[in-house]
Amino acid sequence: MRKLLVLLCVVLVSTSAMAQQTAAQVIARYNEVTGLNKADFKAGNMMMDVAVATPQGNVAMQIIKAEGAKYRITANMAGQEMLAVANGEKGWMKVPGQAVQTLPKEAIDQLASQGDMTGSLKLDETLFDFVLTGEENGNYVVLGTPKKGANTMGITELVAYFSTKTDMMTRSISKLDIKGNKVNVDVKFSAVKDFNGLNLPSIMEIATTGAPMMTLTIKELNTIYPTAAWMFTEPK
């Protein structure tokens, strides 16, 4: 009987602690331990070197971002280099052996989305309403639903998992609906590293609708990277 009472007390205390938690508190602790509460990826400059492993092969990427939705992304695979550039209004792509192509607005928006890898690590409370739905395998589970009228780049639902021990995000599952094409994107985060004061996962394992898609490894991240106008002009 005494053991039963002790167990009951533990359960009640745990339930009470869970009830006192809110999604806002979980996200705030995560932003604090990572340093994301002091970082603004949307406003500042950034450079990131990334190794991408896919079933088709490995790709070395460098992403340079500047204020005003400006991006310069280089990708090297098997000695072949591709360059994509956007200056906030226009965009271009240069592929070996082909003339420089002008990108339509839809492709420019997609380029910005792909280039914003670190931005995906920061949950945007201006775009989503977040609710703490429970606890699962040592993680707090936070559900995000788009705010009315918010541009979430096709995300209709977001579920994020945060370690109850470290406060780090360990996984996110996004449901996307892009022009009727529905896709689930599952990202697992690991190998936390210090990038100039930002404690972020350096490895992201990405699967789409249950099938492994790629593994991203952040080699270097600089959030005060100096940029120049020539980086965001039409490639020659």
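Is tyrosine 30 buried or exposed, and what is its relative accessible area? Tyrosine 30 is buried, with a relative accessible area of 1%; buried means under 20% relative accessible area, exposed means over 50%, and partly exposed lies in between (1.4 Å probe, protein chains only). Welcome to this predicted model, in which local features need pLDDT of at least 70, side-chain atom pairs count only at pLDDT 80 or more, and totals for chains, interfaces and linings use all residues. Residues are numbered from 1 along each chain as its sequence is written, and side-chain values use heavy atoms, with hydrogens and water left out.

- Helices (H or I, at least four residues) and strands (E, at least two) are DSSP runs, numbered from the N terminus.
- Strand β9 covers residues 155–163, and seven of its nine residues are buried.
- On one pairing, β9 runs antiparallel to strand β8 (residues 139–146), with six bridges joining them; two strands pair if DSSP finds at least two bridges between them.
- Within that pairing, tyrosine 140 has phenylalanine 162 of β9 as its bridge partner.
- Strand β10 (residues 169–178) is also antiparallel to β9, and seven bridges join these two strands.
- Leucine 158 stands opposite serine 174 in β10.
- The hairpin of β9 and β10 has five residues between the strands, and there aspartate 167 takes a positive phi near 70°.
- As background, in a regular strand the side chains alternate between the two faces of the sheet.

**Aromatic pairs**

- How many aromatic pairs does the structure hold? There are two aromatic pairs, where rings of Phe, Tyr and Trp (its six-membered ring) pair if their centres lie within 6.5 Å; planes under 30 degrees apart count as stacked, over 60 as edge-to-face and the rest as tilted.
- Tyrosine 30 and phenylalanine 162 form an edge-to-face pair, with 5.2 Å from centre to centre and 65° between the planes.
- This pair links distant parts of the chain, since tyrosine 30 belongs to helix α2 and phenylalanine 162 to strand β9, 132 residues apart.
- Phenylalanine 162 is buried, with a relative accessible area of 0%.
- The rings of phenylalanine 128 and phenylalanine 130 have centres 5.9 Å apart and planes at 35°, so this pair is tilted.
- Both phenylalanine 128 and phenylalanine 130 are buried.

**Salt bridges**

- The structure holds four salt bridges, a salt bridge being a side-chain nitrogen of Lys or Arg within 4 Å of a carboxyl oxygen of Asp or Glu.
- One of them joins the side chains of arginine 29 and aspartate 167, at 3.2 Å from N to O.
- Arginine 29 lies in helix α2 and aspartate 167 in the loop between β9 and β10, so the pair ties together parts that are 138 residues apart in sequence.
- Arginine 29 is partly exposed at 25% relative accessible area, whereas aspartate 167 counts as buried at 16%.
- Another links lysine 175 with glutamate 157, whose closest N and O atoms are 3.6 Å apart.
- Lysine 175 sits in strand β10 and glutamate 157 in strand β9, so this pair ties together parts that are 18 residues apart in sequence.
- Lysine 175 is partly exposed at 38% relative accessibility, and glutamate 157 is partly exposed at 24%.

**Arginine 171 and its two partners**

- In a further salt bridge, the side chains of arginine 171 and aspartate 186 meet at 2.5 Å, N to O.
- Arginine 171 lies in strand β10 and aspartate 186 in strand β11 (residues 181–195), so the pair ties together parts that are 15 residues apart in sequence.
- Aspartate 186 is buried at 17% relative accessible area, while arginine 171 is partly exposed at 27%.
- The charged end of arginine 171 also sits over the ring of tyrosine 161, 5.8 Å from its centre; this applies if NZ of Lys or CZ of Arg is within 6 Å of the ring centre and within 35 degrees of the ring normal.

- Asparagine 31 lies in helix α2 (residues 23–34) and counts as buried at 10% relative accessibility.
- Not counting residues up to four places away in sequence, asparagine 31 touches Leu36, Asn37 and Lys122, with contact meaning heavy atoms within 4.5 Å.
- Lysine 90, in the loop between β4 (80–87) and β5 (91–94), is exposed, with a relative accessible area of 53%.
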